[in-house]
Amino acid sequence: MAFGDTLEKVDRRWIFLVVALLVVIPLLFPLRLPLAVSGPARNFYQAVEAVPEGSIVVLAGDFDPASAPELMPMTSSAVRHLFRKNVRIIALELWEGGPPLVDRILHEIGDEMGKKYGVDYVNLGYKSGREAVMPSFGNSFSRTFPNDYSGTPVGKLPLMAEADNFTKTALFVNISAGYPGTKEWVQQVQGRFDVKMVSGSTAVQAPEIYPYLQSGQVLGLLGGMAGAAEYEKSIEYPGPATKGMDAQSSAHMFIVVLILLGNAIYFSRRRANR
Amino acid sequence: MHPSMDFGVWVAAALTLFIFSFLYKDNPLYKFAEHLFVGVSAGYVVVQQFWQVLWPNLIEPATAAGTPDRWKFFVGGLFCVLLFTRLFPAIAWTSRYTIAMLIGTFAGLKVTGFSQAEVVEQVRATMVPLWNAADLGGSFNNLVLVVGVITTLVFFFFSKEHKGAIGATARVGIWYLMISFGAAYGFTVMSRISLLIGRSQFLLDDWLGIVRF
Amino acid sequence: MMNLLPVVLTAIVGILIILSFFIPHPIVAEPAQVLQDWAIVIVASGYVLGAANVYKINGEAAIKQQKDWIYKWVLLGSMTGMMVIGFFFSGGTQFLGDGSPFKWAYDYLYVPMQATMFSLLAFFIASAAFRAFRIRTVDAALLAVAALVVMVGRVPIGNLMTHGLPESIQLPTMANWLLEWPQNAAKRGIAIGAGLGVMATGLRIILGIERSHMREEA
Amino acid sequence: MPACVTQSRRHPSFLDFVPSLLLALVLVLGLAPPPAAAAQDSLATTARTLEAAPPVAAPAPAADVVGVDGKNDSGKAIELSWSASPDEKAGIATFTAYLVERAASTAGPWTRVDSLPRGTHKKSDTVERGQTYVYRVTALGPGGAAAPAVSAPVKAVAQWFNTGRVSILLAMLLFFVLVIVFTMRAQAGEKLFVRRIPGIDAIEEAIGRATEMGRSVLYVPGINDIDDIQTMASLNILESVSKITARYETPIIVPCNYPVVMTLAQEMVKNGYVAAGRADGYDPDSVRYVTTEQFAYVAAIAGIMLRDKPAANIYLGSFYAESLLLAETGFSTGAIQIAGTAQVAQLPFFVVACDYTLIGEELYAAGAYMSREPRLLGSLKGSDYMKVAIILVIVVGCVLETAGVTSFKQFFASQ
């Protein structure tokens with residue numbers, strides 16, 4: 001078992017190096033492996049697709065840079081999808097680290113698609129208070145967010161005159177990295193105000209959202225970067241998530257190999273000891 | 001290759017590499033970046049809370065003359081001020097009123113939120129038809145769901161020893177739990193790898209300009 | 001008395017918030033709304049208080065020249081710097097506008113460092129997969145199988161590997177089935193249990209028999 | 001606009017309808033906020049036909065406009081419904097949309113509420129509480145407006161109970177009663193049974209092995225402050241664990257990442273030593289404050305593992321991403337590892353690398369079981385009986401659903 005021993009005692013920095021290479025090389029030389037769209041992602045797409053043209057959608061981007069690679073592509077795709085359908089967006093953020101990320105997406109895609117701030121979209125910015133913000137926001141958007149992201153009173157934004165609560169909106173899109181996020185929105189707002197809701201979650205959080213899918217509390221789910229790539233495919237606008245899928249595949253395969261190899265060594269050692 | 005001409009991008013790239021250097025071993029560059037990060041984020045949060053929360057939701061309405069029900073903002077402000085007495089041990093006890101109010105608010109919100117979304121709604125959604133001759137696949141899936149929910153609940157039942165029928169049921173519950181942990185493991189791996197992909201995309205695209213993402 | 005009043009306050013506030021869920025009438029709903037308005041600004045103040053504590057703890061370490069004291073100065077300096085530019089040199093409520101120095105610090109300091117810190121976990125998870133993932137029991141074997149199916153089945157390579165097979169035994173189909181039915185069932189069981197746990201804790205807090213949160217700093 | 005002119009000539013009370021006619025004009029020109037996709041399409045088609053086609057008649061009017069106070073709200077909504085204009089059916093070109101207006105009385109003035117496409121016969125309107133409104137619905141078409149249908153006066157009032165939440169209220173009350181009853185029984189000294197938890201049983205065995213090997217025991221109480229109930233559960237267990245280490249005379253190391261947690265942990269360990277009759281064996285330095293920084297805390301614990309090589313590592317409490325780092329390092333030193341957390345996302349890493357894992361609620365149960373605190377036991381027992389009730393409800397619900405009876409499940413639907 002000399003080989004196994006050597007392998008087992010290998011400095012873990014070698015593993016680190018291989019991980020780095022397996023991520024970087026596919027990014028440099030993409031294979032463009034074929035992607036299949038899963039049920040929950042298809043449902044997400046269809047829920048957005050079903051929003052009537054001209055209506056208003058609330059988008060809560062509850063994340064920060066730590067999960068940006070997973071959640072920014074989803075946010076971009078959702079904004080693009082909604083703008084394409086001439087749906088107007090009211091955005092808000094409950095994580096202190098992320099508001100500028102969401103704001104950048106809104107303005108970049110808004111400018112690209114000829115949308116006007118205050119009329120076609122509004123970014124209400126950040127509020128602390130976690131669960132306390134949610135029902136409060138559901139009761140009155142303007143009471144909870146008297147000013148927008150850059151301090152403009154919401155009374156001066158024409159879009160905000162059209163909707164002050166969820167009865168005037170067609171869908172609630174939540175992009176969520178954890179607490180507070182999709183779970184809390186479901187608990188505090190979805191049932192209480194009878195809101196149609198979809199969720200884009202980090203992969204870590206995604207398994208916990210499945211019970212809400214089957215129950216209909218959440219209509220669709222994008223899980224992690226793979227979910228983001230599936231959505232990019234659905235709206236036919238491939239972006240960074242799609243381009244990351246080869247690297248994701250190779251790194252996953254490496255971890256599978258590591259688990260199997262680690263156990264092969266372990267079991268052969270156990271047999272030898274017997 | 002078109003390396004970035006933006007000074008900020010070079011700073012960001014350098015800090016990224018400083019932090020990655022921890023993988024080789026702990027070193028002063030990593031320590032520097034770690035502490036810089038804690039400092040920057042602590043400072044960032046204070047400014048953020050002030051301009052986006054305290055200013056529009058407390059200070060502005062409390063100081064503007066025409067605000068309806070201004071007393072509400074004064075009382076709210078008083079609760080905030082009381083919180084800061086925690087910095088001064090002699091009067092720190094007054095912060096208890098603020099904490100008491102906050103805890104009461106959150107306890108109330110969580111009780112109703114969880115009872116609706118996590119208990120009643122989940123129980124309702126588990127009541128599914130178990131036999132439909134026209135849709136055997138769907139019936140089987142429903143059965144898998146119902147058995148899983150019930151056996152998992154039995155596993156988390158603490159008033160009887162796990163022996164006999166209860167033990168066997170709880171055993172099935174553990175299998176379900178293990179499958180769900182396996183799925184969680186797979187998804188966690190996915191998340192972590194994605195974060196590294198994001199950083200690699202930054203280094204290769206924004207900084208070095210080797211490929212465009 | 002000093003100890004009883006806050007407990008009574010918690011009880012009144014908690015009950016009012018619960019009642020507002022069932023009673024839409026403004027006599028209950030409006031005070032509950034005011035409490036939530038206050039909670040928002042109190043939580044914000046909590047963040048500021050937390051920053052004051054960061055000053056206190058790291059300031060002591062820096063002044064007394066404890067271990068790594070030089071880095072503590074880096075921490076204190078960068079924190080102060082952020083606050084100074086955020087409060088005075090970035091246009092007030094426009095502090096996150098394009099071109100403000102505060103936004104620059106956000107884009108080129110905060111974002112890359114936070115993102116990189118968390119991306120380190122990609123490496124650690126790989127190392128742990130090799131060195132600390134042992135299939136010693138049936139339970140662990142089930143966990144491993146589900147993990148492998150999901151890891152391969154949720155990315156394009158799983159799609160490629162089983163492309164030619166009938167759809168029902170392709171890896172993505174299997175991974176999605178696992179997620180949507182058995183793992184979902186277990187998660188729901190956990191959610192119901194956790195939901196009861198939170199409700200019980202909430203009840204104890206409102207009844208005043210759970211008071212661990214009332215302790216002050218040592 | 002020839003259509004409007006025709007309309008005005010034929011209609012006797014033209015002046016009444018100037019506002020709606022203007023609106024129709026605006027609608028046809030496409031200047032109004034888009035009502036909805038379908039309406040826009042039909043309007044566009046109408047506009048096109050108008051240019052060529054001869055004037056058409058106004059649509060037949062809508063009828064039976066009924067406004068009712070919105071249910072279960074604070075008096076802010078009126079639910080409006082009406083029956084369709086006979087001309088609404090597809091294929092009849094005279095209809096384009098419904099115009100909904102409201103006023104304080106039939107005398108006006110009328111303000112526009114919304115305009116709705118064909119197929120929509122209801123509208124929820126946000127209003128002032130306690131004020132009386134009348135509504136009118138006018139069918140619009142290229143040939144002009146039909147006679148409006150007017151509702152009876154209606155007023156929105158606040159309700160005292162949200163009837164959509166009865167099932168939640170019942171579930172909550174049942175559960176609260178169970179918890180309170182069991183808490184009282186526990187307080188009265190009744191011995192409430194809690195099942196064995198394998199991970200907890202294994203702790204003594206692990207400490208025994210550490211004693212044989214002459215090594216220490218490492219106890220990590222999680223990385224959250226005491227406001228997390230998991231930390232409290234862990235500290236309760238720590239007291240019992242330190243009782244055992246005191247008996248075996250084996251050193252215990254408790255690294256903490258919050259000052260308050262450290263103070264409490266010291267108290268707990270001391271209590272354990274006193275209870276074991278070995279107060280002299282208690283070493284205050286065994287409980288240490290390390291740092292609140294997540295990764296620095298983990299690095300410090302990993303250092304302890306590699307240097308002191310404890311023979312048993314116990315991780316109980318709340319853990320985040322550091323779980324896998326702890327479990328991996330501990331695994332590599334060959335220690336017996338016992339872990340427990342209610343952070344579901346971290347459990348997989350503990351399950352694969354540790355000898356025993358307390359899953360979710362098992363951590364709370366262990367805390368209640370070991371401390372025998374009535375408040376914890378009461379909640380645990382209350383939850384247990386609630387689970388039995390839930391299982392019964394699910395079984396009954398499934399049987400009825402299978403038999404095609406849906407009213408039982410319906411009862412649990414909430415809003």
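**View 1. Chain B holds six helices and zero strands.** Its order along the sequence is α-α-α-α-α-α. Helices are DSSP runs of H or I with at least four residues, strands runs of E with at least two, numbered from the N terminus. This is a predicted model: local features need pLDDT of at least 70, side-chain atom pairs pLDDT 80 or more, while totals for chains, interfaces and linings use all residues. Residues are numbered from 1 along each chain as its sequence is written, chains are lettered from A in the order written, and side-chain values use heavy atoms, without hydrogens or water.

**View 2. The C-alpha trace of chain B spans about 65 × 60 × 40 Å along its principal axes.** The radius of gyration of chain B is 27 Å; a compact globule of 213 residues would have one near 17 Å. The radius is taken over C-alpha atoms, and the globule rule is 2.2 Å times the number of residues to the power 0.38.

**View 3. In chain B, 66% of the 213 residues count as buried.** Buried means under 20% relative accessible area (1.4 Å probe, protein chains only).

**View 4. The largest nonpolar core has 323 residues.** A:Trp185 and B:Phe181 have the most contacts inside this core. Apart from it lies another core of 19 residues, among them D:Leu80 and D:Tyr98. Such a core is a set of buried Ala, Val, Leu, Ile, Met, Phe, Trp, Tyr and Cys residues joined through side-chain atoms within 4.5 Å.

**View 5. A:Trp185 touches residues including A:Leu92, A:Met134 and A:Phe172, not counting those up to four places away in sequence.** Contact means heavy atoms within 4.5 Å. A:Asp62, A:Asn174 and A:Gln190 also touch A:Trp185.

Terms used
Buried < 20%, exposed > 50% of the residue type's maximum accessible area, 1.4 Å probe, protein only.
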